[in-house]
Amino acid sequence: MKSFSFFSRFSNPFQLPLFRSNLVFPASSCARPFHNSEIMSSVTNASVKVLVVGGAYGGLSAALNLLDLSRGKATRMAPRLGDPTDRKKVDIKFRIVDERDGYFHLIGSPLAFASAPEAERFWVKYTDIAALRDDAITVIQGSVSKIDPATKTATILDSKTKKQYEESYDFLIAASGLRRVKQVVPQALTKEEYLEEAKKQIEAVGVGEGVQNRKGVVVIGGGAVGIEMASEIALVHPTQRVTLIHSRERLLSAEPLPAEVAEYAVAALRRLGVEVVLGHRVNSSVQYADGKYLLKLSDGTKRTAGAVIWALSKQQASSSYLPKDTLDEDGLVQIDSTLHFKNDLPNSKYHYAVGDIAKWSGIKRCGAAMHMGFLAANNIYQDILASIGFIKAPKYVTFPEVPPMIALACGKEAISYSQEEGAAVGEDIMKMFFEGDLGFRICWDYLQLGKENVVAEDAETPEEVKTLEKKIDVVAISA
Ligand SMILES: Cc1cc2nc3c(=O)[nH]c(=O)nc-3n(C[C@H](O)[C@H](O)[C@H](O)COP(=O)(O)OP(=O)(O)OC[C@H]3O[C@@H](n4cnc5c(N)ncnc54)[C@H](O)[C@@H]3O)c2cc1C
């Protein structure tokens with residue numbers, strides 16, 4: 001095992017590199033000039049309307065960082081760079097639409113589905129998020145079913161009123177992620193239903209008080225999610241018998257990661273007491289009685305279990321509301337490095353996509369989603385400043401190509417991999433990337449969701465900007 005010192009230099013492991021070179025980008029190659037008042041043309045009260053589809057890591061990062069900029073302040077996630085005199089207060093009204101009634105810490109799903117206290121903690125209703133208590137922000141529980149880019153109009157189905165209506169916008173930020181299967185992520189849309197869903201799964205896999213099931217849990221699928229699901233069950237319910245079955249000869253077989261990472265994962269799972277079965281496909285799983293399952297494997301063997309978790313990486317982009325020609329064959333939004341929609345769409349310069357829904361290099365990660373949200377906020381702010389003639393042309397920041405990297409929780413340990421540092425495993429890695437709550441506190445504080453009226457560290461002079469830039473270089477790495 002490699003010792004691991006590199007990451008300890010960094011205070012926020014979920015952040016992608018924010019090096020100066022990709023933050024302050026010359027306007028020349030990617031500037032899309034605006035005519036004065038072009039953005040405002042569709043609104044009567046002169047405020048800019050920003051519609052955010054999806055209120056999770058990517059969407060909240062975009063909205064909250066842009067809120068900071070609109071107040072003439074530095075952003076909460078990184079001080080705004082460049083010339084500090086390029087600042088102006090602008091009036092922006094945000095509509096954040098999400099099918100759920102709250103922010104769900106998705107990367108904590110494996111723990112939420114194993115432990116009731118974490119299940120409760122990881123879903124925070126939007127009404128309980130201090131950062132969203134702002135006159136400029138309206139959160140709507142509903143589903144965006146259609147976007148017409150030509151007229152910049154969204155069709156929204158409001159979950160509470162059940163009414164469908166149209167809403168115009170000046171900028172759209174698509175941050176609606178991927179749809180994932182049940183047992184891996186909650187399917188519920190309200191906190192109350194979600195807690196019921198989590199309770200059922202915890203009872204099925206647990207051995208807690210009043211829970212009879214000690215007949216073993218089989219997790220099917222040895223990708224990142226399956227590894228984390230098996231680990232969390234084993235960690236929270238140490239007397240439970242947990243088996244992870246994967247059809248290929250090595251774990252993480254679908255990820256562009258070196259074999260060493262998979263080997264570290266197998267070893268960490270075994271240290272947790274998880275039985276790892278490789279190279280066997282589960283052909284069928286039949287529930288023949290309450291809490292009793294019969295599994296048939298590809299080698300003809302049979303196994304029984306008290307609970308079965310399918311942790312296959314079935315996922316679909318949540319992009320059906322967008323025009324087909326903006327999407328690739330997997331439904332991901334095609335973007336350029338400034339995060340604008342790429343295709344020759346009418347008004348593409350007003351349409352951004354961030355997070356999992358965007359087609360980009362690298363393994364899908366919440367760190368990347370938050371970082372993209374931050375970059376989109378900066379670019380929209382530039383768009384607005386240019387449109388009102390405050391600057392000549394927008395100076396966009398760009399999102400670099402992302403090499404494969406991962407941080408994977410495995411009980412008390414975590415495994416990390418990046419091209420520069422290679423693979424590492426240990427409890428120190430767990431602490432750094434996830435702390436004790438699968439990264440809930442890290443993400444929450446990074447987005448500063450618990451605070452109203454955030455005032456970020458700011459710079460007034462070019463010298464102060466340089467000092468802050470240096471600090472940012474030190475806050476660089478990813479999960
Ligand atoms: C079990 C699991 C473990 C993971 N572990 C890690 C990890 O350790 N580290 C890491 O970096 N990443 C991890 N990931 C990946 C990470 O969760 C994603 O990369 C991240 O959630 C992407 O954020 P996002 O904001 O783009 O999308 P999401 O978090 O998927 O949020 C999308 C939001 O959009 C809403 N929405 C969808 N469609 C619509 C619509 N039509 N109208 C309105 N709202 C809509 C959804 O309700 C949701 O709130 C994990 C993922 C899973 C499933």
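Leaving aside neighbours within four places in sequence, which residues is Ala230 in contact with? We will answer that after a quick look at the whole protein.

## The whole protein

The model you are looking at is predicted. The protein has 479 residues, and 48% of them are buried. Its chain forms 12 helices and 23 strands.

Contacts tell us how the chain folds back on itself. Among contacts between residues at least 6 apart in sequence, 69% join residues at least 24 apart.

## Ala230 and its neighbours

Now back to the opening question. Ala230 is in contact with Val219, Val242, Leu244, Leu269 and Val274, once neighbours within four places in sequence are left aside. Ala230 belongs to helix α7, and it counts as buried because 32 C-beta neighbours lie inside 10 Å, where 20 or more are needed.

Val218 and Ala230 are 12 residues apart in sequence, and their C-alpha atoms are 8.1 Å apart in space.

## Around the ligand

There are 37 residues around the ligand, and those that come nearest are Gly54, Ala56, Gly177, Gly355 and Arg365. By class, this shell has 18 nonpolar, 11 polar and eight charged residues.

Where do these residues come from? At least two residues of the shell are supplied by each of α3 (57-70), β2 (92-98), α4 (109-112), β5 (137-148), β9 (178-180), α7 (224-236) and α9 (366-387).

Let us start with α3, which contributes to the ligand shell. This helix has 14 residues, and 14 of the 14 are buried. From first C-alpha to last, α3 reaches 20 Å, close to the 20 Å expected at 1.5 Å a residue. Just after α3 comes Gly72, with a positive phi of about 75°.

Helix α6 covers residues 191-205, and its 15 residues should span 21 Å at 1.5 Å a residue; the end C-alpha atoms are 21 Å apart, so the two values agree. Its buried residues are Tyr194, Ala198, Gln201, Ile202 and Val205. Seen down the axis of α6, these residues fall within an arc of 100°, so they line one face of the helix. The face turned away from the buried side carries the exposed residues Glu192, Glu196 and Lys200. Among the elements covering the buried residues of α6 are α4, α7 and β16 (307-310).

## Strands side by side

With β6 (residues 153-158), β5 pairs in the antiparallel sense over six bridges. Asp148 stands opposite Thr153 in β6. Together β5 and β6 form a hairpin with four residues between them, and Lys152 in the turn has a positive phi of about 50°.

Another hairpin is made by β14 (residues 292-297) and β15 (residues 302-305). These strands run antiparallel and are joined by four bridges, with Lys296 opposite Lys302 in β15. Four residues lie between the strands, and Gly300 takes a positive phi near 90°.

## Positive phi in two loops

Most residues other than glycine have a negative phi. Leu252 has a positive value, near 55°. You can find Leu252 in the loop between β11 (242-246) and α8 (259-271). Leu252 is buried because 26 other C-beta atoms lie within 10 Å, and the cut-off is 20 or more.

Glu435 also has a positive phi, near 50°, and sits in the loop between α10 and α11 (440-446). Is Glu435 buried, exposed or partly exposed? Glu435 has 13 other C-beta atoms within 10 Å, so it is partly exposed, falling between the limits of 12 and 20.

## An exposed helix residue

Finally, look at Glu427 in helix α10 (residues 427-434). Glu427 has 11 other C-beta atoms within 10 Å and is exposed because the cut-off is 12 or fewer. Not counting residues up to four places away in sequence, Glu427 touches Lys412 and Glu413. Glu413 is 14 residues from Glu427 in sequence, yet their C-alpha atoms are 4.3 Å apart in space.

Conventions. Residues are numbered from 1 along each chain as its sequence is written. This is a predicted model: local features need pLDDT of at least 70, side-chain atom pairs count only at pLDDT 80 or more; totals for chains, interfaces and linings use all residues. A residue is near a molecule or strand if its C-beta atom, placed from the backbone, lies within 6 Å of it. Ala, Val, Leu, Ile, Met, Phe, Trp, Tyr, Cys and Pro count as nonpolar, Asp, Glu, Lys and Arg as charged, and the others, Gly among them, as polar. The expected span of a helix is 1.5 Å times one less than its number of residues. The arc is that of the directions from the helix axis to the C-beta atoms. Two residues are in contact if their C-beta atoms, placed from the backbone, lie within 7 Å. Two strands pair if DSSP finds at least two bridges between them.
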